[in-house]
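The stops below go from one selection to the next.

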Amino acid sequence: SAVVGFGWIGLWLMLRAIGLYRPMPGSQGMAGMVESPGPQGTISRWNRGLFATAVVYGLGAAPLAFGLYAAPLYLNRILHQPQSALGHLPWIPPAGWEAGYLFWGRVADRRRKRDKRDGASGVSSPLGLFTLFAVGSLALAAIPFCAGMPYAVPLTLALFFWVMFLSGGYVVIALAHGATTQTAENTGFLAGFSISGWSLTTGVLMWVVGRMFDRGEYSATFWLVAGLPCVGVALWRLLTGGRESGFR
């Protein structure tokens with residue numbers, strides 16, 4: 001994933017350098033990231049909304065890949081679950097991921113309908129939801145403490161399910177809100193750029209996590225992943241400059 005992410009960025013830079021890629025009319029390129037002048041209010045393809053969405057998606061949804069990778073290893077190495085048990089337990093965390101897509105997708109649609117019904121000039125800020133997701137994702141750090149408790153396996157799986165449920169919300173809410181900050185012809189690029197950012201984050205994170213797991217640094221690993229959504233929300237807030245609705 002890391003190789004693909006870096007390769008995608010390198011390919012774009014190469015195409016831009018040799019002139020095969022041209023920014024949208026009125027675009028000021030990556031350095032501008034500001035609204036382009038003009039009577040139609042065209043914005044740069046490379047704008048703050050794009051990068052804000054990508055960073056909150058990439059870091060906020062980091063626990064998704066971690067849950068898929070870490071849950072079976074943790075169940076086997078720490079909770080001593082036999083291979084036979086791993087055949088019917090690891091589906092539970094991804095089920096939280098899917099449930100999050102469906103639930104938070106419904107929430108995103110209802111928020112948009114409410115904005116239209118109330119005649120709002122902009123769209124509701126997702127800061128409250130992002131904060132909820134970030135705080136809830138800190139539950140991931142509690143998993144190592146469950147190892148010595150009764151019903152450690154159900155508790156561990158429940159926490160993985162919960163965090164992946166919330167992380168799925170980052171994907172849906174980030175893209176739904178991010179699309180409102182872009183021109184219609186830039187929404188596909190927004191989705192692709194954000195997913196590429198998540199893939200790049202995943203590739204780097206899995207390399208780091210794998211080394212930490214091999215050294216037995218389980219508590220530190222869970223704290224690291226639990227903190228990434230908080231960093232993502234803070235960077236999103238910084239990039240939006242406090243203007244979450246319709247920022248450029």
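Begin by selecting E217 and R215, whose side chains meet in a salt bridge at 3.2 Å, N to O. A salt bridge here is a side-chain nitrogen of Lys or Arg within 4 Å of a carboxyl oxygen of Asp or Glu. E217 counts as partly exposed because its relative accessibility is 30%; buried means under 20% relative accessible area, exposed over 50% and partly exposed in between, with a 1.4 Å probe and protein chains only.

This is a predicted model, in which local features need pLDDT of at least 70 and side-chain atom pairs count only at pLDDT 80 or more, while totals for chains, interfaces and linings use all residues. Residues are numbered from 1 along each chain as its sequence is written, and side-chain values use heavy atoms, with hydrogens and water left out.

**Other salt bridges**

By the salt-bridge rule the count comes to three. Select R77 and D214 for another one, with N and O 3.8 Å apart. R77 belongs to helix α4 and D214 to helix α9, so this pair ties together parts that are 137 residues apart in sequence. Helices are DSSP runs of H or I with at least four residues, numbered from the N terminus. R77 is partly exposed at 35% relative accessibility, and D214 is exposed at 60%.

Next take R117 and D118, which form a salt bridge with their closest N and O atoms 4.0 Å apart. D118 is exposed, with a relative accessible area of 53%; R117 is exposed too, at 61%.

**Helix α3**

Select residues 48–60, which make up helix α3. At 1.5 Å a residue its 13 residues should span 18 Å, and the end C-alpha atoms are 17 Å apart, which agrees; the expected span is 1.5 Å times one less than the number of residues. Colour the helix by accessibility: twelve of the 13 residues are buried, among them L50, F51, V55, Y57 and L59. At the start of α3, look for a side-chain oxygen of N47 that comes within 3.0 Å of the backbone nitrogen of G49.

Now select Q182, in the loop between α8 (152–179) and α9 (187–214). Is Q182 buried or exposed? Q182 counts as buried, because its relative accessibility is 9%. Its side chain makes a polar contact of 2.8 Å with the side chain of T181. A polar contact is a pair of N or O atoms within 3.5 Å; within protein, one must be able to donate a hydrogen and the other to accept it, and residues adjacent in sequence count only if both atoms are side-chain atoms.

Show what surrounds Q182, leaving aside neighbours within four places in sequence: Q182 is in contact with I43, R45, N47, G49, L50, T187 and L190. Contact means heavy atoms within 4.5 Å.

**Aromatic rings**

Rings of Phe, Tyr and Trp (its six-membered ring) pair if their centres lie within 6.5 Å; planes under 30 degrees apart count as stacked, over 60 as edge-to-face and the rest as tilted. By this rule the count comes to 23 aromatic pairs. Select W46 and F51: the ring centres are 5.9 Å apart and the planes at 35°, so the pair is tilted. W46 is buried at 2% relative accessible area, and F51 is buried at 17%.

Then select F213 and Y218, an edge-to-face pair with 4.9 Å centre to centre and 75° between the planes. F213 is buried at 1%, as is Y218 at 16%. To see an aromatic cluster, select F103, W104, F130, F133, W162, F165, Y170 and W236.

**Two backbone stops**

Most residues other than glycine have a negative phi. Select H80, in the loop between α4 (62–77) and α5 (83–86): H80 has a positive phi of about 55° although it is not a glycine. H80 is exposed, at 62% relative accessibility.

Finish at Y151, in the loop between α7 (127–137) and α8. Y151 also has a positive phi of about 55°, and Y151 is exposed with a relative accessible area of 68%.

Notes: Helices (H or I, at least four residues) and strands (E, at least two) are DSSP runs, numbered from the N terminus.
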